[in-house]
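Let's take a walk through this model together, from a pocket to a pair of helix contacts and on to a salt bridge. Keep the structure open beside you as you read.

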Amino acid sequence: MFDKVLVANRGEIACRIFQACRELKIATVAVYSEADKDSLHTRLADEAVCIGPPPPRESYLNFANIISAAKITGAQAIHPGYGFLSEVTSFAEICEASGIVFIGPPSHVIARMGNKSEARRAMQAAGVPVIPGTQEPVGNVRDAREIAEQLGYPVMIKAALGGGGRGIREVHDPADLATQLEQARSEARAAFGSGEVYIEKCLIHPRHIEVQVLADTHGNVVHLGERDCSVQHRKQKLIEEAPSPAVNSATRRKLGEAAVKAARTVGYVGAGTVEFLMDKKGKFYFLEMNTRIQVEHPVTEMLTGVDIAREQLRVASGEKLSCEQGSIWFNGHAIECRILAADGDDGFRPSPGKIERWSMPVGPGIRVDSGVGGGSTIPPYYDPMIAKVICWAEDRPRAIARMQAALRGMQIEGVKTTIPFHLRALAVESFQRGETDTSFIEKMTQGN
């Protein structure tokens, strides 16, 4: 096991990984920007190193400064958390070349699954169902028109190296295809350095279902069941739950088998998530693989009792997974609400500022993951998520009721939050019935 680990991230995920390190008696190193000098994650670590000014490209995305911090402090491994450098192939390569363990899959696996076209080909070859579409990047507008006609409108144009909802266009009218193709390419080029795009059939109002997998270097791969992440605003998840109310035991088994097959196919190591879209008939298709720990991983931890962050550290140090597929049980129901410093009544506009009052709910089955507290300042430079509230209960109705009570008990003053939005969403009849899909928020705001 490692003696010292550097966490190249901030906020709640840095605090979460420090907790797992402490349990394994691993010393910790935090890195921080000048805007995060007094943040909670810098105080929880054994050591902290400033890596630059507030803008992410000058600090949390600065390869050289992070590698230097690891070398100076003697850290043997770097945990990237999620976002920032967690899925950047070149950073994983530099870690490998520097003799520092990157806590995640090998760099060549990140590269393979980060290229959506390549990932689709790999999954199709392995027999994992994928959405009908192109195997290679689209050449020109004429080719795009032929492909769209074959698939049938609507279609999706997606960046081959995409992520985070960027470089994606939904096309319903053939007259819009050329314009949308160019816009997707332009956005992809600016965001990912490549204008390559592919086209696939557009599923109307699908569910977003993802399966958590764990794999070690000894050939062991397990899945921890699915999460339903259909409640999204512009492809950013806001509520996640497990198990999905739309997945029966037979489909759950098929999803798990497909996810394990996907991980084995690419030689995956560590914690990862295989994402699927599910149509109204319960048929599911591979969407992409996230080669990192997910924001919503606590939902699965509450359901299974498996500590995913701890497993990441153990696997990265060369140990075997501590669980086998037959020993994993799904107990009860868990829901997570991502609390943002944002105005849910104004398009989720970020609300940076100082938190004047901070009181979190407590009680059986309630977990709060956060990287802030009373007196903390929410800077404008980063993601506005300030807490994750996770509630577990014996069944879904009781988990919803527990979450509603927990949110009503939260007191955050000084910045606007999405707590009012979450309370409204949880009360919507279709959510209560478990009938959500990716259009839930759009319908909710329209009063449907």
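**A pocket and its lining**

Helix 11 contributes the most residues, three, to the lining of the second largest pocket. Helices here are DSSP runs of H or I with at least four residues, strands are E runs of at least two, and both are numbered from the N terminus. Before going further, note that this is a predicted model, in which local features need pLDDT of at least 70, side-chain atom pairs count only at pLDDT 80 or more, and totals for chains, interfaces and linings use all residues. Residues are numbered from 1 along each chain as its sequence is written, and side-chain values use heavy atoms, with hydrogens and water left out.

The second largest pocket has a volume of about 170 Å³. Of its 14 lining residues, Phe102, Gly104, Val269, Val315 and Ala316 are the closest to the centre. (A pocket is an open set of points on a 1 Å grid over the protein atoms alone, where a 1.4 Å probe fits, with protein on both sides within 12 Å along at least five of seven lines; lining residues have an atom within 4 Å of a point.) At least two lining residues each come from strand 5 (101-102), strand 12 (270-278) and helix 11 (308-316). By class, the lining holds nine nonpolar, five polar and no charged residues.

Now turn to helix 5 (residues 107-114) and helix 6 (residues 116-126), whose axes come within 5 Å and cross at roughly 95 degrees. The two helices are therefore roughly perpendicular to each other, a label that covers 65 to 115 degrees, while angles over 145 count as roughly antiparallel. Arg112, Met113 and Gly114 of helix 5 meet Lys116, Glu118, Ala119, Ala122 and Met123 of helix 6, where contact means heavy atoms within 4.5 Å.

On to helix 4 (residues 89-97), which packs with helix 5 at an angle of about 170 degrees, the axes being 8 Å apart. That makes helix 4 roughly antiparallel to helix 5. Thr89, Ala92, Glu93 and Glu96 of helix 4 make this contact with Ser107, Ile110 and Ala111 of helix 5.

Finally, the structure holds 35 salt bridges, each a side-chain nitrogen of Lys or Arg within 4 Å of a carboxyl oxygen of Asp or Glu. One of them joins Arg16 and Glu301, with the closest N and O atoms 2.8 Å apart. Arg16 sits in helix 1 (residues 11-23) and Glu301 in helix 10 (residues 297-304), so this pair ties together parts that are 285 residues apart in sequence.

Technical notes. Grid points are joined across faces, edges and corners, and a volume is the space filled by probe spheres set on the points. Ala, Val, Leu, Ile, Met, Phe, Trp, Tyr, Cys and Pro count as nonpolar, Asp, Glu, Lys and Arg as charged, and the others, Gly among them, as polar. Axes are lines fitted to C-alpha atoms, for helices over the stretch in contact, and angles run from 0 to 180 degrees between N-to-C directions. Angles under 35 degrees count as roughly parallel, over 145 as roughly antiparallel, 65 to 115 as roughly perpendicular and the rest as oblique.
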